[in-house]
Structure formats: structure tokens, C-alpha cells
Amino acid sequence: MASRVVSRSIRSSMRAHSSQLSHHVHRNYASAAGVSQSSLSQQEKEAIQREASLPNSDPAPDSQTARVVNEQLPYMVPTYARPPPMFHKAEGCYLWDIENRRYLDFTAGIAVNGLGHCDPGLAKIISEQSQMLMHTSNLYHNPWTGLVSKTLVEKTLEAGGMHTASKAFICNSGSEANEAALKFARKVGKSLDPDGTKHKHEILSFTNSFHGRTMGSLSATPNPKYQRPFAPMLPGFHYATYNDPAALDLITPSTAGVIIEPIQGEGGVWIADPAFLRALRAKCTAVGAVLIYDEIQSGLGRTGNLWAHADLPIEAHPDIVTTAKALGNGFPVGATIVNDFVAGKIVIGDHGTTFGGNPLACRVAHYCVTRLADAGLQREVVRKGEVFREQFEGLKAAFPEVVKEIRGKGLILGLQLDRDPTPIVKAARERGLLVITAGTNTLRFVPPLVISDEEIKEGMAILADAFQ
Ligand SMILES: Cc1ncc(COP(=O)(O)O)c(C=O)c1O
């Protein structure tokens with residue numbers, strides 16, 4: 001009954017959405033077809049009609065967008081397959097393409113724009129700081145690198161996260177935050193095994209994980225698609241199955257570190273079993289290995305707490321937490337938060353970066369962490385997660401053969417489909433909604449944390465339409 005009510009609400013807001021947008025008839029499609037309507041079959045005509053009535057049908061090959069893209073693409077190393085629209089401005093939960101069509105954003109730049117696009121407070125700070133001091137190098141002190149480190153530690157403790165958190169290293173990205181974590185773990189291993197008899201340099205990571213694209217973080221990411229072109233990986237990396245207690249047997253006196261996402265994002269929105277994390281903690285402590293939680297996607301308010309692991313008992317707490325993404329709300333910055341067990345083994349010169357921790361990035365990060373740590377914002381994330389779930393239940397009831405499972409926590413959510421979601425992603429985009437995929441046949445939802453109930457419902461109505 002409840003789901004019937006929800007699906008009715010999905011359909012009615014869907015109707016509102018399409019009537020609202022019916023005047024946005026796509027300008028380029030007919031000319032792109034480049035053929036006279038009369039030479040087309042009825043089926044082809046209907047397909048064109050349907051496409052032309054889409055509010056944001058993908059820019060045609062003769063569009064202004066395609067012209068700009070085609071001019072620039074030859075100069076870009078071809079590492080991405082991007083869809084046709086080109087975005088040039090944004091506000092809150094919406095983006096606009098260069099043909100001035102609006103898209104609701106359920107992706108937040110892959111869990112980055114937690115505070116929404118172009119947050120005015122953040123824009124003001126960037127403007128001010130860019131006129132004061134942007135960069136000095138890490139050879140000198142500045143007021144912001146230390147302050148953001150202190151804030152990260154204090155907010156982690158206040159939130160009930162890693163109870164031993166004591167220091168932070170600031171860098172530029174998620175991969176770099178993990179790279180530092182892996183290096184720190186190896187340094188701890190070296191300190192505990194100075195003559196190398198235990199070979200304490202091994203790192204354990206998990207199936208389905210994603211830790212980044214640098215050689216260290218990639219070596220911890222056992223996805224053949226990402227690793228194979230760059231093999232061999234670094235020596236000493238081993239892999240276990242996520243949530244499988246057999247992983248414990250792979251943690252030995254040779255293990256320097258274990259790296260895991262408390263919620264796997266790219267892997268398809270899978271949550272680590274708290275009992276599994278507790279067992280990892282106990283085994284790491286027993287063999288003197290560093291436990292690293294990669295909270296680059298799951299952290300900074302996304303689950304309704306500052307960190308996904310902050311809801312867990314201290315027996316499941318790590319030695320290192322890595323973060324990036326929402327830390328800069330779009331400005332590149334990352335951090336590796338450590339405890340004294342780790343920090344005590346790091347000495348001057350062990351690690352460094354030119355840009356990492358510069359005054360501009362750190363002032364941005366300080367602003368973002370302070371806002372994202374707000375209890376009111378986090379309560380809202382939990383509540384809005386429920387609004388999404390209600391809507392998902394409606395979608396599951398309407399399309400039971402397609403939607404198999406609803407996963408996630410707060411505003412990191414996944415819909416497991418029985419098929420490749422790519423056509424749904426395109427259909428949603430052409431109706432004005434951006435969504436992304438993850439893992440195998442999973443639709444992933446990581447919207448700005450400031451999204452409103454109305455925006456959630458508007459997006460879900462578009463999604464329901466895209467499922468048709
Ligand atoms: C869990 C996790 N770790 C690490 C990374 C890598 O971060 P970056 O792309 O900033 O290097 C990502 C990026 O998606 C991630 O989701």
C-alpha cells in the first residue's frame with residue numbers, strides 16, 4: 001500500500017515535471033537528422049518525435065556543443081568517455097550546459113560537492129584568500145595548514161570517530177591521501193621490523209575496492225581493468241574478499257597495513273560488516289599492522305555522521321583515516337589523519353608535497369569540514385536518505401523485475417539493477433537528471449548533502465520516467 005502511494009506520488013510529480021519542461025523542445029535534433037521527414041518510416045518518425053520532446057536530449061552532432069568538443073578533444077589524452085553535454089555553470093543542486101539547459105545533479109561530482117555547487121560562503125573565502133596568500137610551499141608556516149589539521153582531529157574525536165586521532169597530513173587528492181597512508185604503514189612496518197626479518201611491508205586490501213590511480217593506491221585496487229594496463233603492481237600487495245572472515249588469515253606478522261572502505265563506493269555501494277571491521281582491528285593490533293579506513297567517498301557527513309566508521313565502537317576504529325572529495329567541495333585537497341602509533345614513526349623528510357596543504361586549499365578545507373561536521377546538517381542527511389529510500393521503494397514496486405536491491409546509508413545509496421544501467425543513465429540525463437553507476441549494474445546516488453526534499457522528488461520522478 002505504502003509503495004503504491006509512493007509510486008503514485010512519483011508519477012504525479014513526473015507529470016508535473018514533463019509539463020513544466022514541455023516547452024523545451026530540442027532545437028537541433030531535426031536538423032541533425034539531416035533528412036526530410038517524409039522519407040522516414042513511421043517508427044523512425046516516432047523515435048524522432050520522442051527524442052525531440054526530451055527536455056535535454058543530448059546535443060546533436062551539428063550543435064554548438066559538438067563543435068566545441070570536437071575542436072578540443074584532439075588535444076586531450078583520451079582517458080574518459082564523456083557524454084555529449086558540456087557544463088559551464090552550476091548552483092546548489094543544478095548544473096547548466098552551454099546550450100543553457102538545466103540538469104538536477106544526483107552525482108555531486110562523484111560525492112564531492114557536499115555543500116552543493118558554488119556555495120556562496122566558500123566562493124567568498126576563495127576570493128578573499130586568493131587575494132591574501134595562495135601558496136608559500138611547505139618550507140614555511142601559514143595559518144591554515146595547522147588549523148585544518150587541528151579541526152580534522154577535533155571534529156573526528158567529537159563525532160566519535162577514530163578515538164586515537166592526533167595529527168593530519170594534507171595533500172591534493174584521494175589517491176595521494178591513500179598513497180601517504182600506504183607509505184606511513186610501510187614506515188611503521190620498517191620501524192617494527194628494523195632488520196627486515198619479518199618482511200613487514202605487505203599491504204592487504206579487498207575485492208571490489210577503489211583506492212585510486214597512483215601506483216600505490218592502484219596496487220591496492222584489485223580491479224583487473226585498472227591494474228592490467230600498468231602491471232606489474234608494487235610488490236607485497238595481497239587481496240582478500242570484502243566481509244569474508246578468511247581475510248584474517250592473510251594478516252600476518254609480515255603485514256604492514258590493511259586498507260578498507262567502510263562503505264565501498266565505486267565497487268557498488270557495499271557496507272562493511274561491523275563485526276568484520278572489529279575482527280580486522282583485533283588482528284591488526286595482534287600483528288602490529290596499521291588499519292587504514294579509506295573514507296574518501298563515505299566520509300564528511302555523507303552517511304549522516306562525520307565518518308561512516310564513527311557509528312562503530314572503538315574496537316573497530318582504525319589507525320589512519322583518509323579523506324578528500326567533499327573536503328574541498330570541488331577544490332583539490334585531501335588529508336591523511338593518523339594516530340600516535342603511526343605519527344610516532346614518521347620523521348622529517350619521510351613524505352612531502354609542493355602544493356599539498358597550501359593556505360588556499362586549507363582554508364577551503366577548514367570551511368568545508370566545519371560546515372559538514374554540523375550535527376543539524378547530518379541529521380538532515382539521515383532524514384533525506386529516508387526520503388530517497390521511500391522513493392526507491394516506489395520504484396522497486398513499479399519495476400520489480402529491474403530493481404533488485406536498495407543499499408547504502410544516508411546519502412550514499414545504490415540501486416542494484418538486473419541489467420546494465422547505461423541506457424537509464426542516458427534517458428535520465430536527456431530528461432534533466434544526472435546519475436552515475438558503480439560496481440556491476442548498480443545505479444549510485446551521491447547527491448549534494450544540501451539537496452531538498454522537493455529536489456529529491458523531482459529527480460526521482462525523472463528517474464521513474466527514464467525507467468519506462
Ligand atoms: C574510496 C575512494 N578512494 C580513493 C579515491 C581516489 O580519489 P581521487 O580520485 O581524488 O584520487 C576515490 C575516488 O573515487 C574513492 O572513491
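Q: Helix axes are lines fitted to C-alpha atoms over the stretch in contact, and angles run from 0 to 180 degrees between N-to-C directions. At what angle do helix 7 and helix 13 pack?

A: About 25°, with their axes 8 Å apart. That makes helix 7 roughly parallel to helix 13 (under 35 degrees is roughly parallel, over 145 roughly antiparallel, 65 to 115 roughly perpendicular, the rest oblique). This is a predicted model, where local features need pLDDT of at least 70, side-chain atom pairs count only at pLDDT 80 or more, and totals for chains, interfaces and linings use all residues. Residues are numbered from 1 along each chain as its sequence is written.

Q: Where are these two helices in the chain?

A: Helix 7 covers residues 143-158, and helix 13 covers residues 359-372. Helices (H or I, at least four residues) and strands (E, at least two) are DSSP runs numbered from the N terminus.

Q: Which residues of the two helices meet?

A: On the helix 7 side they are Trp-144, Thr-145, Leu-147, Val-148, Thr-151, Leu-152 and Lys-155. The helix 13 side has Pro-359, Cys-362, Arg-363, Ala-365, His-366, Val-369 and Thr-370. Contact here means C-beta atoms, placed from the backbone, within 7 Å.

Q: And helix 6 against helix 13, what angle is that?

A: Helix 6 (residues 120-132) crosses helix 13 at roughly 155°, and the axes come within 10 Å. That makes helix 6 roughly antiparallel to helix 13.

Q: What about helix 15 and helix 16, how do they cross?

A: At roughly 125°, with the axes of helix 15 (residues 422-430) and helix 16 (residues 453-467) coming within 8 Å. They are therefore oblique to each other. Ile-424, Ala-427 and Ala-428 of helix 15 make the contact with Ile-462, Leu-463, Ala-466 and Phe-467 of helix 16.

Q: New topic. How many residues are in the largest nonpolar core?

A: It has 110 residues, and Val-258 and Val-290 have the most contacts inside it. (Such a core is buried Ala, Val, Leu, Ile, Met, Phe, Trp, Tyr and Cys joined through C-beta atoms within 7 Å.) Helix 13 gives the largest share, nine residues. Domain 1 and domain 2 each supply at least three residues.

Q: What does Val-258 touch?

A: Leaving out residues up to four places away in sequence, Val-258 touches Leu-204, Ile-251, Leu-280, Cys-284, Ala-289, Leu-291 and Ile-292.

Q: Is Ile-320 buried or exposed?

A: Buried, because 29 other C-beta atoms lie within 10 Å (20 or more is buried, 12 or fewer exposed, in between partly exposed). Ile-320 is in strand 11 (residues 320-323). Its contacts beyond four places in sequence include Phe-184, Val-290, Ile-292 and Val-342. Ile-320 and Asn-339 are 19 residues apart in sequence, and their C-alpha atoms are 6.7 Å apart.

Q: Back to the domains. Where do they run?

A: Domain 1 takes 2-106 + 383-467, and domain 2 takes 122-373, with bounds from an automatic or database assignment. Their centres, taken over C-alpha atoms, are separated by 33 Å. Their contact takes 15 residues from domain 1 and 16 residues from domain 2.

Q: Which elements give two or more residues on the domain 1 side?

A: Strand 13 (403-409), strand 14 (412-417) and strand 17 (442-445).
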